[in-house]
Amino acid sequence: METNTCRNSLTVKTSHVLPPDTNTHGTLFGGKLMAHIDDVAAIAAARHARETVVTASTDSVDFLAPVKEGDSICVEAFVTWTHNTSMEVFVKAVTEHLLSGERKVCTTAFLTFVAVDENGSPIPVKSVVPETEFEKNLHQHAPVRAKHRKERRANSKELAKAFGTDFPWDR
């Protein structure tokens, strides 16, 4: 199986935060930022796999600082770890006050993507090779994060089964 470096999947997107993107506090809607995160992470995963990918999970989206109207938001993503058909993608978002140049990491997140064929069935992906100390650290700890995701997914399936598809007012 071929390999790819983390750097080969690096994807960066910068956007201006405009009034329609903000809430009543003048800060970026969390859902809008999550859409940026999913978009950039999906591109990184597709770059790594060179296949169609689907989002399998989004975890640990931590909003660390507000993103204000008029700021820019720069979202960076790269594949940190692979396992058979799945890829873990690390995402960092940085807000920048465009007049002062002050920058802050406003969000970090991990997402998991699965490569799929034309029928939507999972297919194998290349292994990823970390090069920098930061990449190596993320890669080294990825199996622990994957274990937690697997446990969380099992719990989510149990909750879905317990709650079922009935309307809440019919319970």
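Here are a few notes on the sheet and helices of this predicted model.

1. Some ground rules. This is a predicted model, where local features need pLDDT of at least 70 and side-chain atom pairs count only at pLDDT 80 or more, while totals for chains, interfaces and linings use all residues. Residues are numbered from 1 along each chain as its sequence is written, and side-chain values use heavy atoms, with hydrogens and water left out.

2. Start with the sheet. It's open, with five strands in the order β2-β4-β5-β6-β3 and antiparallel pairing (strands are DSSP runs of E, at least two residues, and helices are runs of H or I, at least four, numbered from the N terminus; two strands pair if DSSP finds at least two bridges between them). At the edges sit β2 (11-16) and β3 (52-63), each pairing on one side only.

3. Within that sheet, β5 (residues 86-96) and β6 (residues 103-116) pair antiparallel over 11 bridges. Ala93 stands opposite Thr107 in β6.

4. Now for helix α1 (residues 30-49), which lies across β2, β3, β4 (72-83), β5 and β6 (contact means heavy atoms within 4.5 Å). Which of its residues are buried? In α1 they are Leu33, His36, Ile37, Val40, Ala41, Ala44, Ala45, His48 and Ala49 (buried means under 20% relative accessible area, with a 1.4 Å probe and protein chains only).

5. Helix α2 (residues 133-163) lies across β3, β4, β5 and β6.

6. On the record side, an unreviewed UniProt entry lists residues 7-119 as "domain: HotDog ACOT-type" (UniProt positions follow the numbering used here, feature names are shortened, and annotations may be inferred rather than shown by experiment). That span is 18% helix and 49% strand, and its end C-alpha atoms lie 29 Å apart.

Definitions and conventions
Axes are lines fitted to C-alpha atoms, for helices over the stretch in contact, and angles run from 0 to 180 degrees between N-to-C directions. Buried means under 20% relative accessible area, exposed over 50%, partly exposed in between (1.4 Å probe, protein chains only).
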